[in-house]
Structures are given as structure tokens and as C-alpha cells.
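Hi,

Here is the model I said I would pass on.

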Amino acid sequence: MQDAAPKPLHLIVACAENRVIGRDGRLPWHIAEDTAFFHAATAGQIVVLGRICYETWPQVRAEGRQPVVISRNPALASAGAHVTPSFSSALALADTLPGKIMVCGGERIYAEALASGRPLRLHLTLIHAEIAGDTFMPEGRHLPWREISRRESADANYRYTFFELSLP
Ligand SMILES: NC(=O)c1ccc[n+]([C@@H]2O[C@H](COP(=O)([O-])OP(=O)(O)OC[C@H]3O[C@@H](n4cnc5c(N)ncnc54)[C@H](OP(=O)(O)O)[C@@H]3O)[C@@H](O)[C@H]2O)c1
């Protein structure tokens, strides 16, 4: 029997124009529409995320999400949360679970996903501002993305665009 093809990776990220994604272990903004989009897109799916993202998202298991946490600390494992020591082991596990693989960051995990060679879907909320921060989306603008959709929106503080991009 042939092995099943590896699943595509769905990267989901909100990113400022200067590629900032985080500050002091948190999001540097509060955009209610983007939070709602993120929750809806990840509900019922496998969420691959780093230890800091996991620790700051206590409700990750809500709405049927299946967390696969990347950490060197296996003691983080609990009912409903898998812990693996590397991105490759996280993908090997995620391939055995039902649902889409939603890669939720942080920085190193996005970098490994971009370099993985798997088919990619990028769900990008681009916030049209330069925002101070300490965590960044790795540069991926040189990759030959195909645009599937875009939708512009705004709140009282920011203008932003929801992109869905595909590679290949
Ligand atoms: N804007 C967005 O869409 C978005 C998305 C995600 C995150 N963020 C922001 O980014 C920040 C958190 O991201 P972060 O990059 O600092 O941390 P992170 O990836 O959530 O967590 C880092 C930890 O995860 C483990 N880890 C991560 N990558 C690994 C790898 N490739 N191999 C092995 N272990 C790995 C290590 O855990 P151990 O030390 O336990 O071994 C590492 O110390 C926060 O500010 C958050 O709000 C924003």
C-alpha cells in the first residue's frame, strides 16, 4: 500500500507591515475581527504551536481543537494536548490525526513550516502599520505565492487585509 500524501500546512498569522507578530509574549494589538477569524479557522482542527503560544492560550482545547505543542518539556502534556520535541515530530503526529494542520507559530515554527517543502496555505492578516515588537514573521515575500482571496477591513485603530495565499 502506498503511503498517504503528507497533508498541506495551513499557516495562520497576523503580521504588521514590518513583520512584527508579537511583543512580550503577547499580541501587540487587539483586533476583535481578527481574533474571531482565527478562532473560526482553527476550530475543530489540529493546531501546531510553540510552548509560549500554548501557555498563553488556556482555551486552546475549546471548539474541538487538537493541540500539538512543540517543547523540550514533555511534562507539558495533559489530557487533550500532545507534546513533541521538534517540528518534524509534530508533523509526523499531526499527519495521523483527523483535520487540517493549522500552524499557529511562533517565529521558529513559521520558519520551519515555510522551509518544509510541503504544500502551503497562508492565512495572513496583514496589518497596515509599523508596530513595535520582539517576535517576527520570517521573510516569505520572495516565495511564488498565488493569491486565492483578499478582503480589506478596518477597526478604530488599524486598517488590515485578510489574504489567503497558496504555494504552489
Ligand atoms: N500575530 C500572530 O499571528 C502570532 C502567532 C503566534 C505567536 N505570536 C506571538 O509570538 C510570540 C510567541 O512566539 P515565540 O516564537 O516567541 O514562541 P513559541 O514558538 O510560541 O514558543 C517558543 C518555545 O517553543 C518551543 N519551540 C518552538 N519552536 C521550536 C522548534 N522548532 N523546535 C523545538 N522547540 C521549539 C521551545 O519550547 P521549550 O523552551 O519549552 O523547549 C521554545 O522555547 C508571542 O508574542 C505571541 O503573541 C503571534
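How many residues surround the ligand, and which are the closest? The shell has 26 residues, and the closest are Gly-22, Gly-50, Arg-72, Gly-105 and Gly-106. A residue is taken as near a molecule or strand when its C-beta atom, placed from the backbone, lies within 6 Å of it.

Two things to keep in mind before you dig in. This is a predicted model, where local features need pLDDT of at least 70 and side-chain atom pairs count only at pLDDT 80 or more, while totals for chains, interfaces and linings use all residues. Residues are numbered from 1 along each chain as its sequence is written.

**The ligand shell**

By class, the residues around the ligand split into 10 nonpolar, 9 polar and 7 charged. Nonpolar here means Ala, Val, Leu, Ile, Met, Phe, Trp, Tyr, Cys and Pro; charged means Asp, Glu, Lys and Arg; the others, Gly among them, go in as polar. At least two shell residues each come from strand 1 (9–16), strand 2 (20–22), helix 2 (51–55) and helix 4 (107–114). Helix 4 gives the most, with 4 residues. Helices (H or I, at least four residues) and strands (E, at least two) are DSSP runs, numbered from the N terminus.

Two strands count as paired if DSSP finds at least two bridges between them.

Starting from the strand 5 end, strand 4 (residues 66–70) and strand 5 run parallel over 3 bridges, and Val-68 sits opposite His-82 in strand 5. Strand 4 is also parallel to strand 3 (residues 46–50), this time over 5 bridges, with Val-47 partnered by Pro-67 in strand 4. Strand 3 pairs in the parallel sense with strand 6 (residues 101–103) as well, over 3 bridges; there, Val-48 has Val-103 as its bridge partner. Strand 3 is mostly covered, with 4 of its 5 residues buried. Buried means 20 or more other C-beta atoms within 10 Å of the residue's own, exposed means 12 or fewer, and partly exposed is in between, with C-beta atoms placed from the backbone.

Strand 9 and strand 10 make a hairpin with 4 residues between them.

**The helices**

Contact means C-beta atoms, placed from the backbone, within 7 Å of each other.

In helix 3 (residues 87–94), the buried residues include Phe-87, Ala-90, Leu-91 and Ala-94. They are on the same side of the helix because they cover an arc of only 95° around the axis. The arc is that of the directions from the helix axis to the C-beta atoms. Strands 3, 4, 5 and 6 and helix 4 are among what covers them.

Which residues of helix 4 are buried? They are Ile-109, Tyr-110, Ala-113 and Leu-114. Down the axis of helix 4 these fall within an arc of 135°, so they line one face of the helix. They pack against strand 1, strand 3, strand 4, helix 3 and strand 6.

Arg-108 is in helix 4 and counts as partly exposed because it has 13 C-beta neighbours inside 10 Å. Arg-108 and Gly-50 are 58 residues apart in sequence, yet 8.5 Å apart in space, C-alpha to C-alpha.

Cheers

Note on methods
Contact = placed C-beta atoms within 7 Å.
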